[in-house]
Amino acid sequence: MTQELALIPQYLIQRGNKTLENILSVMCGVAGLSLLSQIAIPLAWTPVPITGQTFGVYLVALLWGRKRGLAVILSYLAIGAMGLPVFALGKYGLSFGPTTGYLVGMVLATYWIGMLSDLGWTKTYLRTYLAAASGSVIIFACGNIVLSFFIPLKALFTAGVLPFLPGDLIKTSLASYIAYKSQKSLSGK
């Protein structure tokens, strides 16, 4: 049995790990991720907007852990695929497009960051930040692989990475701080 040291699993396990509470925690994660996705700034030179979506992914993975974090992100993608406007800029539906790789990267990053969180990486700020930052690398890598089908390779860095770096630094730092402080307050230290 895998140890789950992420905050939400610890809390749910302390409360008896009831099915209804697990479902509600996933629903809360989906709602939060959906709301954060609506914070979006379209950019003229790239089909990829700056969004709060990745901040939500980092926070969900760090707080919910691997299993519950994946439940959140996959549920989010499922309701978006079914037609609810939960994606950035109120979009919905899944099709192969410029942002598909970022969505795939978010699933992989949630798995990775959530696994690190379950292993106790949120016990120090540095390790929490490194977990979130490594997830960011996964999202950028997947996003740019797919984006390369839609824009010239020479424009890939300026369209798929560069405009997002300052915001991503803020998002990973803030998500890490929230997760670390939350974990610290749960442990009473």
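This is a predicted model: local features need pLDDT of at least 70, side-chain atom pairs count only at pLDDT 80 or more; totals for chains, interfaces and linings use all residues.
**Chatting through helices, burial and rings**

Student: OK, and which residues of α1 are buried?

Tutor: Helix α1 covers residues 7-14, and its buried residues are L7, I8, P9, Q10 and L12. Buried is under 20% relative accessible area, exposed is over 50%, and partly exposed is in between (1.4 Å probe, protein chains only).

Student: What do they pack against?

Tutor: The buried residues of α1 pack against α2 (19-37), α3, α4 and α7.

Student: Switching to T54: where is that, and buried or exposed?

Tutor: T54 is in helix α3. It counts as buried because its relative accessibility is 9%.

Student: Which residues does T54 touch?

Tutor: Leaving aside residues up to four places away in sequence, T54 touches M106, I139, D168 and K171. Contact means heavy atoms within 4.5 Å.

Student: New topic, rings. How many aromatic pairs are there?

Tutor: Searching the whole structure gives five aromatic pairs. In F96 and F150, the ring centres are 5.5 Å apart and the planes are at 40°, so that pair is tilted. The two belong to distant parts of the chain, 54 residues apart: F96 is in the loop between α3 and α4, and F150 in the loop between α5 and α6 (156-160). Rings of Phe, Tyr and Trp (its six-membered ring) pair with centres within 6.5 Å; planes under 30 degrees apart are stacked, over 60 edge-to-face, and the rest tilted.

Student: How accessible are F96 and F150?

Tutor: F96 is exposed, at 54% relative accessible area, while F150 is partly exposed at 37%. Ring pairs also join F96, F149 and F150 into a cluster.

Student: And how are Y125 and Y129 arranged?

Tutor: Y125 and Y129 make a stacked pair, 6.4 Å centre to centre with 25° between the planes. They sit about one helical turn apart, because four residues separate them in helix α5. Y125 is partly exposed at 31%, and so is Y129 at 22%.

Student: Last one: what sits over the ring of W121?

Tutor: The charged end of R127, 4.3 Å from the ring centre. That label needs NZ of Lys or CZ of Arg within 6 Å of the ring centre and within 35 degrees of the ring normal.

Conventions
Residues are numbered from 1 along each chain as its sequence is written. Side-chain values use heavy atoms; hydrogens and water are left out.
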